Amino acid sequence: MISAELIKQGWEILKVPLVKLFNSCRMWGGRWVQLEEGDWVNGKRVNRGCPQGSVLGPQLWKIVFDELIEMMEERHGKSIEMIAYADDGVILIGANSRREIEEKASFVIRDLMEWCGMAKMKLSKEKTVGMMLKGKLDSGRLPRVFLEERKICIVNKVKYLGILLTRNMGIEKHIQEVADKGRKKMGKYFGLIRKLKIPYKVTMMIYKGVYESIMTYAVWAWYKIMRKAELRKVNSEQRKVLLAMIKGY
């Protein structure tokens, strides 16, 4: 596979702005989509995006999105941190007051909209939300930040890349969610394990392959922020499943 860095170096030699290149080639232009139903035919020329399954599409997208990250770092320095995976992005804003949050967020959104206009893209207003990760601001007077005319909703929990975080960096709801999912999945095996008297070694393979893989999803990202109560919750949920597997109590 051609690396994103190698492609980027090639375009730098050609002195072609990456966003301009991405918009002009669009894998590589002249694409047409058509829907047929009996004798009815309707088509449209496609001038945006990359076709699903394209080889270069993800690599070109990473290069283009890197330009946004670099632009935000250059304009805002260490006052913000941008995290991105594919087309899902998070911007962390540090501030000491409600007013400072609103001012910084407004400048960040202005720059995001500028980049989107240049890249011929749009931010999803419905999916764009904010959450207070730290601090003790009054929940009745949360920061007011707008994306164009729409007020960004300040929520108490948000899921990013499969991890459910709550206000003040809480992870309890995520633990409960994955525990419920893991228990439900394992429930399908309990009867089979008991009926067929599956050996202990095989039973543990099922447990590790099904339950542990669900419970420990992206654990490297959240285990350090677990509180004592949340650690007890993990152990408690694990114990319930293990006891159910062996008919223990």
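What percentage of the 249 residues of the protein chain count as buried? The share is 32%, where buried means under 20% relative accessible area, exposed over 50%, and partly exposed in between (1.4 Å probe, protein chains only).

**Before starting**

This is a predicted model, in which local features need pLDDT of at least 70 and side-chain atom pairs count only at pLDDT 80 or more, while totals for chains, interfaces and linings use all residues. Residues are numbered from 1 along each chain as its sequence is written, and side-chain values use heavy atoms, with hydrogens and water left out.

**The whole chain**

Display the protein chain as a cartoon. Its secondary structure comes to 8 helices and 10 strands; these are DSSP runs numbered from the N terminus (helices: H or I, at least four residues; strands: E, at least two). Contacts (heavy atoms within 4.5 Å) may be considered next. Of those in the protein chain with a separation of 6 or more, 60% are between residues 24 or more positions apart.

**First stop: His76**

Select residues 57–76, which form helix 3, and find His76 within them. His76 has a relative accessible area of 15% and is therefore buried. Beyond its neighbours within four places in sequence, His76 is in contact with Phe107, Val108 and Asp111.

**Second stop: a hairpin**

Now select residues 157–160 (strand 9) and residues 163–166 (strand 10), which run antiparallel and are joined by 4 bridges. Two strands pair if DSSP finds at least two bridges between them. Lys159 has Leu164, in strand 10, as its bridge partner. The two strands form a hairpin with 2 residues between them, and Leu161 in the turn has a positive phi of about 55°.

Move to Ile175, in helix 5. Ile175 counts as buried because its relative accessibility is 1%. Setting aside residues up to four places away in sequence, Ile175 touches Trp222, Met226, Glu230, Lys233 and Val234.

**Last stop: helix 6**

Finally, select residues 200–215, which make up helix 6, and centre the view on Lys208, where there is a kink of about 30°. The bend at a residue is the angle between axes fitted to the seven residues ending there and the seven starting there. Which residues of helix 6 are buried? They are Thr203, Met204, Ile206, Tyr207, Val210, Tyr211, Ile214 and Met215. To see what covers these buried residues, show helix 5 (172–196), helix 7 (219–222) and helix 8 (228–246), which are included in that cover.
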